[in-house]
Amino acid sequence: MKETGAAMSDDPVNERGKVWTQRLKAYSDRVVAPPVNQRSGIWSRCLQNYQDRIQTPPTMVVEGKLTRMVGLTLEAVGCQAPIGARCMVSTGSNTKIEAEVVGFAGDRLYLMPTGELQG
């Protein structure tokens, strides 16, 4: 009959468990995670950066070129916009005129100014 103490030390499963426990302890001694209260602060700062980026969406700038003006209708090429979209038209004298897309044909947009035109 075997003694229980001898059976425990000869058991290969028990020995492997001890080895893994020692390895895990050695690894956990080298890796030091910040305390929970510090980790929540790190996550809060990280998430705050994303929230700030969401609050200020990037402005989309689409540029085109006016090719002609017939009556009050402006014809532009080089940009795409849906009917009803608002556009800012910059003039040579550095004034801006708001216009609305009223139609399109091929690569041309037709705009109608919503403000006053001069010149």
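This is a predicted model: local features need pLDDT of at least 70, side-chain atom pairs count only at pLDDT 80 or more; totals for chains, interfaces and linings use all residues.
1. Glu 100 has a partner. Its side chain forms a salt bridge with Arg 86, and the closest N and O atoms are 3.7 Å apart. This pair links distant parts of the chain, since Arg 86 sits in strand β3 and Glu 100 in strand β4, 14 residues apart.

2. Arg 86 also forms a salt bridge with Glu 98, where the closest N and O atoms are 3.6 Å apart. Glu 98 belongs to β4 and Arg 86 to β3, so this pair ties together parts that are 12 residues apart in sequence. Glu 98 is partly exposed, with a relative accessible area of 33%.

3. Now zoom out to the strands themselves. β3 and β4 (residues 96-105) run antiparallel and are joined by five bridges. If you want a spot to check by eye, find Val 89, which stands opposite Ile 97 in β4.

4. In what order do the five strands of the open sheet lie? Going across, you meet β1-β2-β5-β4-β3, with antiparallel pairing. β1 (65-70) and β3 (86-90) are the edge strands, each pairing on one side only. On average, neighbouring strands are turned by 40° against each other, direction ignored.

5. Next, have a look at Glu 75 in strand β2. Is Glu 75 buried or exposed? With a relative accessible area of 6%, Glu 75 is buried, because that falls under 20%. Leaving out residues up to four places away in sequence, its contacts include Lys 65, Thr 67, Leu 109 and Tyr 110.

6. Side chains of opposite charge can pair when their charged atoms come close. Here Arg 108 and Glu 75 meet in a salt bridge of 3.0 Å, N to O. The two are 33 residues apart, with Arg 108 in strand β5 (residues 108-113) and Glu 75 in β2. Arg 108 is partly exposed, at 31% relative accessible area. The salt bridge count comes to four.

7. Finally, Cys 79 lies in the loop between β2 (73-77) and β3. It's in a loop, and it counts as buried, at 17% relative accessibility. Val 62, Glu 63, Gly 64 and Leu 109 touch Cys 79, not counting residues up to four places away in sequence. The C-alpha atoms of Cys 79 and Lys 65 are separated by 8.1 Å, and these residues are 14 apart along the chain.

Note on methods: Residues are numbered from 1 along each chain as its sequence is written. Side-chain values use heavy atoms; hydrogens and water are left out. Two strands pair if DSSP finds at least two bridges between them. Helices (H or I, at least four residues) and strands (E, at least two) are DSSP runs, numbered from the N terminus. Axes are lines fitted to C-alpha atoms, for helices over the stretch in contact, and angles run from 0 to 180 degrees between N-to-C directions. Buried means under 20% relative accessible area, exposed over 50%, partly exposed in between (1.4 Å probe, protein chains only). Contact means heavy atoms within 4.5 Å.
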